[in-house]
Amino acid sequence: MHAMQDEAGAPLIAAHDETTPPEQSTAQRSRLFALLGSTAALVLVLDQLAKLWALRALTPGDPIDVVGTLIRLNLIRNPGAAFSIGTGATWVLTLIACGVLVFILVTARRLGSVSWAWALGLLLGGSVGNLSDRLFREPGPGRGHVVDFIDYFGWFIGNVADIAIVGAAGVIAVLATVGIGVDGRRPEHGRHEAGHPKGRQEPGQGQQAGSHHD
């Protein structure tokens, strides 16, 4: 009977382990949230200060070379997305940016990784930086033009917020490649701890056979 209970109980334990994130203390989770929030705040402050400087120091149509003509300071007001896509759909881009913020906040509830805290902080700060332009700059709320001033090779012009967003995308891509989830777990490790490898099944099989013999 004991062997049968062990055998019947194993799947229940495995299912529980697979679906339950690793336990974390309140202090650990608070530190991760603090890292995410401070990263986002730093990106937002740097982005807004850089835009304020660009508006005061640069003249539209009068670029300044930084690294020859490869990297230049070239002030524009962008009503669209990167590469000037969607210049006539500023409202749609504003709504998309709001959706990204909601996604970040919902995802952060499962936060259990320092790397993910960095990535989400960069993404949050960059998204809020550009969203604030769309909400508060001319020509009006929800239709504001984003201040861009870093010209890359003449291909596209961006800002500090864009750098943070691209950096976040790179970190997230690496984390996805190595299989680290937002909660800090690797899926294959969760399965191993749950007892799925064949080696973990042999003792149970032996106990069942012994019970039948008795």
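Colleague: What share of the 214 residues of the chain counts as buried?
Modeller: 33% of them. Keep in mind that this is a predicted model.

Colleague: Which elements does the chain have, and how many?
Modeller: The chain holds 7 helices and 4 strands. Their order from the N terminus is α-α-β-β-α-α-β-β-α-α-α.

Colleague: Which residues of helix 2 are buried?
Modeller: Among them are Leu32, Leu35, Leu36, Thr39, Ala40 and Val43. The list also includes Asp47 and Lys51.

Colleague: Why can residues a few places apart in a helix point the same way?
Modeller: An α-helix has 3.6 residues a turn, so residues three or four places apart point the same way.

Colleague: Why is lysine 51 called buried?
Modeller: Lysine 51 has a relative accessible area of 0%. Buried means under 20%, so lysine 51 qualifies.

Colleague: What makes the pair of aspartate 133 and lysine 51 a salt bridge?
Modeller: Their side chains meet at 2.8 Å, N to O. The cut-off is 4 Å, so the pair counts. Aspartate 133 sits in helix 4 and lysine 51 in helix 2, 82 residues apart, and the pair links these distant parts of the chain. Aspartate 133 is buried too, at 0% relative accessible area.

Colleague: How many salt bridges does a search of the whole structure find?
Modeller: It finds 4. One of them joins arginine 137 to aspartate 133, with the closest N and O atoms 2.9 Å apart. Shared partners join Asp47, Lys51, Asp133 and Arg137 into one network.

Colleague: How do you know that arginine 72 and aspartate 65 form a salt bridge?
Modeller: Their closest N and O atoms are 2.7 Å apart. That is within 4 Å, so the pair counts.

Colleague: Buried or exposed, or in between: what is arginine 72?
Modeller: Arginine 72 is partly exposed, at 24% relative accessibility. Aspartate 65 is partly exposed as well, at 42%. Both values fall between 20% and 50%, so neither residue is called buried or exposed.

Colleague: What makes glycine 129 buried?
Modeller: Its relative accessibility is 0%. The cut-off is under 20%, so glycine 129 counts as buried. Glycine 129 lies in helix 4, residues 114-136.

Colleague: Which residues does glycine 129 touch, leaving out those up to four places away in sequence?
Modeller: Glycine 129 touches Leu44, Asp47, Gln48 and Lys51. Glycine 129 and leucine 44 are 85 residues apart in sequence, but their C-alpha atoms are 5.3 Å apart in space.

Colleague: Where is alanine 161?
Modeller: Alanine 161 is in helix 5, residues 160-178. Alanine 161 counts as buried at 0% relative accessibility. Beyond its neighbours within four places, alanine 161 contacts Asp47, Gly126 and Asn130.

Colleague: How many aromatic pairs does a search of the whole structure find?
Modeller: The search gives 2. In one, the rings of phenylalanine 153 and tryptophan 155 have centres 5.3 Å apart and planes at 50°.

Colleague: Why is the pair of phenylalanine 153 and tryptophan 155 called tilted?
Modeller: Stacked needs under 30 degrees and edge-to-face over 60. The planes are at 50°, so the pair is tilted.

Colleague: Why is tryptophan 155 called exposed?
Modeller: Its relative accessible area is 67%. Exposed means over 50%, so tryptophan 155 qualifies. Phenylalanine 153, at 43%, is partly exposed.

Colleague: Which residues form the nonpolar patch on the surface?
Modeller: Val66, Val67, Leu70, Phe153, Trp155 and Phe156, with about 620 Å² of accessible area together. Valine 66 belongs to strand 1, residues 64-67.

Key
Residues are numbered from 1 along each chain as its sequence is written. This is a predicted model: local features need pLDDT of at least 70, side-chain atom pairs count only at pLDDT 80 or more; totals for chains, interfaces and linings use all residues. Side-chain values use heavy atoms; hydrogens and water are left out. Rings of Phe, Tyr and Trp (its six-membered ring) pair if their centres lie within 6.5 Å; planes under 30 degrees apart count as stacked, over 60 as edge-to-face and the rest as tilted. Buried means under 20% relative accessible area, exposed over 50%, partly exposed in between (1.4 Å probe, protein chains only). Helices (H or I, at least four residues) and strands (E, at least two) are DSSP runs, numbered from the N terminus. Patches are made of residues with over 30% relative accessible area and no salt bridge: like charges are joined within 9 Å, nonpolar side chains (Val, Leu, Ile, Met, Phe, Trp, Tyr) within 5 Å. Accessible areas come from the Shrake-Rupley method with a 1.4 Å probe; for residues, only the protein chains shown count as cover. Contact means heavy atoms within 4.5 Å.
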